Amino acid sequence: MIDSSPSKQPNFDNTEVAFRQKSNADLKKAYWLFKMIGSNFLTKVGPPITNFFLNIGLPIQGAIKATIFQQFCGGETIAECDKAIAQLAKGGVGTILDYSVEGEEEEVVFDETCQEIIRTILRADGDKNIPITVFKITGIGRFALLEKLDAKQTLTPAEQAEFDKVKLRCEMICRTAFDKGVPIMIDAEETWIQDTIDELALDMMRKFNQERIIVYNTYQMYRHDKLADMKADHLIAKAAGFILGVKMVRGAYMEKERKRAAELGYPSPIQPDKESSDKDYNESLRYCVDHIEEIAIVCGTHNEDSSRLLTYLLEEKKVVHNHPHVYFAQLLGMSDNLSFNLADANYNVAKYVPYGPIKAVMPYLFRRAQENTSVAGQTGRELGLIERELKRRKL
């Protein structure tokens, strides 16, 4: 799709557009929350204290729900997410419903999670405000089983039957997405289970991406091998005649990856420095835009430079802002200056809106708090923008 008309470029410093959906009270609440995150209280002291209180049954769920949960999550159920979906839609931003329950082990829970992911697809069906859905393979299968497969160990007959169920759940989810015409992303996870996830994702793309984009795999560019993997997968897709779905992120497991590599004595899969991650991330954007009819991309980033680069690349190639193969994505509660200003310039944008029972999504919430403190300047950037908007509103 070629664009011949003059187009508006986003201004990521425009706080009026960024926070248009937030009331004065919501803005003040976000300010104090990021202040707390910046002080490291939530990331260092918060997790053990909160888990202790939850485990002994102290009634702190209300306080969590009204603060960190409200900032980063849509609700405890799909229905509770309706308010967040409507609020994002007012600013032209879509919702990615993300059932964020983690670390389960039982088959019955995997079946329940599979059905819940299917419910997110059914909720998205026919609703332009929910343009993409998402799931994790570890939500529908046991981590240790995937680990054994990645290590190329022989499965017992019982384990093979267990993995057959994982594949069946994965196919049920992707087939529902295909039948309803709702794209779905498969999230990346730890390197020592990722090969199995990649194989499943490619298999789903072969089945369901022949005519249009339905399934995306996720490439973590803080890994030094993922740019090459993405290019190789493009060649596979081209030869087999399907569209490659690429959700591109920098990555989410850096500390854990480096620690495991050091403990087990193998070379770290992580890039030597942030500059290398940035270089590969931006190179992958260039590659995807160069092959935009064969690759559909979700640019998952809170990085302003990479977001700006993608807008420049689309301009350079005269690709329309709302091309169906190009999405920008951020997390709910973070980088509103990117999401809403991109949407205001008519780009496709969606926010991850996690949901689930409070106790079950606490690991997700604390990761978000840690991400804000570990990414250089993220908390300061969020706070600075909120402060500027409070000042603009004379609050």
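## Second largest pocket

The lining of the second largest pocket divides into 10 nonpolar, eight polar and seven charged residues. Nonpolar covers Ala, Val, Leu, Ile, Met, Phe, Trp, Tyr, Cys and Pro; charged covers Asp, Glu, Lys and Arg; the others, Gly among them, are polar. The pocket holds about 550 Å³ of space. Its lining numbers 25 residues, and Lys22, Gln70, Gln71, Cys73 and Gln87 lie nearest its centre. Helix 2, helix 5 (68-72), helix 6 (82-90) and helix 15 (336-344) each give two or more residues to this lining.

This is a predicted model: local features need pLDDT of at least 70, side-chain atom pairs count only at pLDDT 80 or more, and totals for chains, interfaces and linings use all residues. Residues are numbered from 1 along each chain as its sequence is written, and side-chain values use heavy atoms, with hydrogens and water left out.

## Cavity

The count comes to one cavity of 30 Å³ or more. The largest cavity has a volume of about 40 Å³. On a 1 Å grid over the protein atoms alone, a cavity is a set of points where a 1.4 Å probe fits but cannot get out; a pocket is an open set with protein on both sides within 12 Å along at least five of seven lines; lining residues have an atom within 4 Å of a point. A volume is the space filled by probe spheres set on the points, which are joined across faces, edges and corners.

Residues lining the largest cavity include Phe19, Lys22, Gln71, Asp336 and Glu382. Helix 2 (24-38) and helix 17 (378-392) are the elements that give two or more residues. Helices (H or I, at least four residues) and strands (E, at least two) are DSSP runs, numbered from the N terminus.

## Helix 9

Helix 9 (residues 157-180) has 24 residues and should span 34 Å at 1.5 Å a residue; its end C-alpha atoms are 35 Å apart, which agrees. The expected span is 1.5 Å times one less than the number of residues. Gly181 follows, with a positive phi near 70 degrees.

Among the buried residues of helix 9 are Phe163, Val166 and Ile173. Buried means under 20% relative accessible area, exposed over 50%, partly exposed in between (1.4 Å probe, protein chains only).

## Aromatic pairs

The structure holds six aromatic pairs (ring centres within 6.5 Å, using the six-membered ring of Trp; planes under 30 degrees apart are stacked, over 60 edge-to-face, the rest tilted). Tyr99 and Tyr355 form a tilted pair, 5.3 Å centre to centre, with 40 degrees between the planes. Tyr99 lies in strand 1 and Tyr355 in strand 8, so the pair ties together parts 256 residues apart in sequence. Tyr355 is buried, at 0% relative accessible area.
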